[in-house]
Amino acid sequence: MFNVMGTIKRFEDNESSLQKNKTNYMKRYLTIVVLLSFGLMSWAQDDVYPAKEYKGVLFITNGTIHVGNGQVIENGTIKVENGKIVQVGQNISVTQDNAKVVDAQGGQIYPGLILPVTDLGLKEIAASVRGSNDYFELGDLNPNIRSIVAYNTDSKIINTLKANGILLAGVTPQGGTISGSSSVVQLDAWNWEDAAYKMDNGIHLNMPSFIARPSRFARLSGETPTDPTKESLDKIEEIKSFFRQAKAYLAEPSHKEVNLKFEAVRGLFDKKQKLFVHANQVKQMLIAVDFAKEFGFDVVIVGASESFLIAPLLKQNNIAVILGLEHELPATEDDDVDQPYKTPAQLQQAGVLFALNDDHEESRYRNLMFNAGTAAAYGLSKEQALQAITLNSAKILGIDDRTGSIEVGKDANIVISKGDILDMRTSIPTHAFIQGREVSLENKQTQLYERYLKKYGLN
């Protein structure tokens, strides 16, 4: 009897202990939920709101208009109706009632700058806080992954780019051999649906490297050296096999089962999408040219640090280029030390369609226009350099019918700067418009600046 009662007591004690643990776990869970809620609330810049749609008439007057196609209009005026540019030139009458008039005060007027390939809105604090990132997925061939649905419009980086004149961006996934699809977004939106400017415009492929990069301890650990050329060619054959299977699948009139990965690359075959090949080595880029020939894809090479070596071949095959980091060391030790600065002019001379980019995490993409300024100091004209971050980017991303230049019929994506936007000293944007809406140039940094001016009585 004693043993039975003791067993019952131990059971009751265990049940009581479990109940207490359950209560403690619930308290911890609720605490975590509350902390996350406060974290998310503090994450957004609650008082920097997207601008409302503007349906009226807008005039931008008294400025030097850099059209984006090489043309410059002194003392020009831009007329905008319902977000679209309807007139550009000199001596345009500003007489319409109830029109909004913005005086550029002798400043410089530019098309909104475009950041063509970026993880903006997907990666916030890089490796430091995993929960702030959503830029890659597990697996090797992921063409069905869509970056647009992960785009975070509350990223604090976005407003710092607007303040520098960057108004559109190509949001791009990473990881694996085929990372997924990129989309173009405008940088003044409540959510990703509002932000979407052109969805799923390209599929991104990371070309395997032909250079072996063994571990520094490989010899000590007894690792067997690998043949990078054989491994890369095997991987390339695997990629080609995927596209051949996709082509055969898409040629069938109907399917018993839908293959999401094959369906995701349909746009490559019907020219609604482009294949963005991330490659720097000449061998990698030659494979990209081969892809264009075998499958008929519209190919864009991203990175392309050695593209100057095969510029005529790229031009011959209509391969566009998005150059990567410009302020970096040359790709090989035999190159000129200033080769990254000279590459844009060499591509321009060869007639290659190219755009400039800024994918440097330390600057968080804010140096796009200054990369163009460096290119202007090494062979490009100022207008050619501007075109490399506006109209050329728009052409490569497939949005040049809507933006990239200040021309009649296009969206009024416009930036006004006190001085030369390509010059770090004089680039001071004062106004920005996205589809005719004047957007705020405030961001976390400007708010902190104003806060401490007030604290110390300096404002």
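Biologist: Hi! What should I know before I look?
Modeller: The model is predicted, so local features need pLDDT of at least 70 and side-chain atom pairs count only at pLDDT 80 or more, while totals for chains, interfaces and linings use all residues. Residues are numbered from 1 along each chain as its sequence is written, and side-chain values use heavy atoms, without hydrogens and water.

Biologist: Great. What's the volume of the largest pocket?
Modeller: About 490 Å³. A pocket here is an open set of points on a 1 Å grid over the protein atoms alone, where a 1.4 Å probe fits, with protein on both sides within 12 Å along at least five of seven lines; the volume is the space filled by probe spheres set on the points, joined across faces, edges and corners.

Biologist: And which residues are closest to its centre?
Modeller: Val-302, Gly-303, Gly-324, Leu-325 and Asp-359, out of 29 lining residues; lining means an atom within 4 Å of a point.

Biologist: Which element gives the largest share of that lining?
Modeller: H10, with 3 residues. Helices (H or I, at least four residues) and strands (E, at least two) are DSSP runs, numbered from the N terminus.

Biologist: Switching topic: in what order do the strands of the open sheet run?
Modeller: E6-E7-E8-E9-E10-E11-E12-E13, with mixed pairing; two strands pair if DSSP finds at least two bridges between them.

Biologist: Which strands stand at the edges?
Modeller: E6 and E13, each with a single partner strand, so one side of each has no neighbour in the sheet. E6 pairs with E7 in the parallel sense over 4 bridges, and Leu-113 stands opposite Ile-166 in E7.
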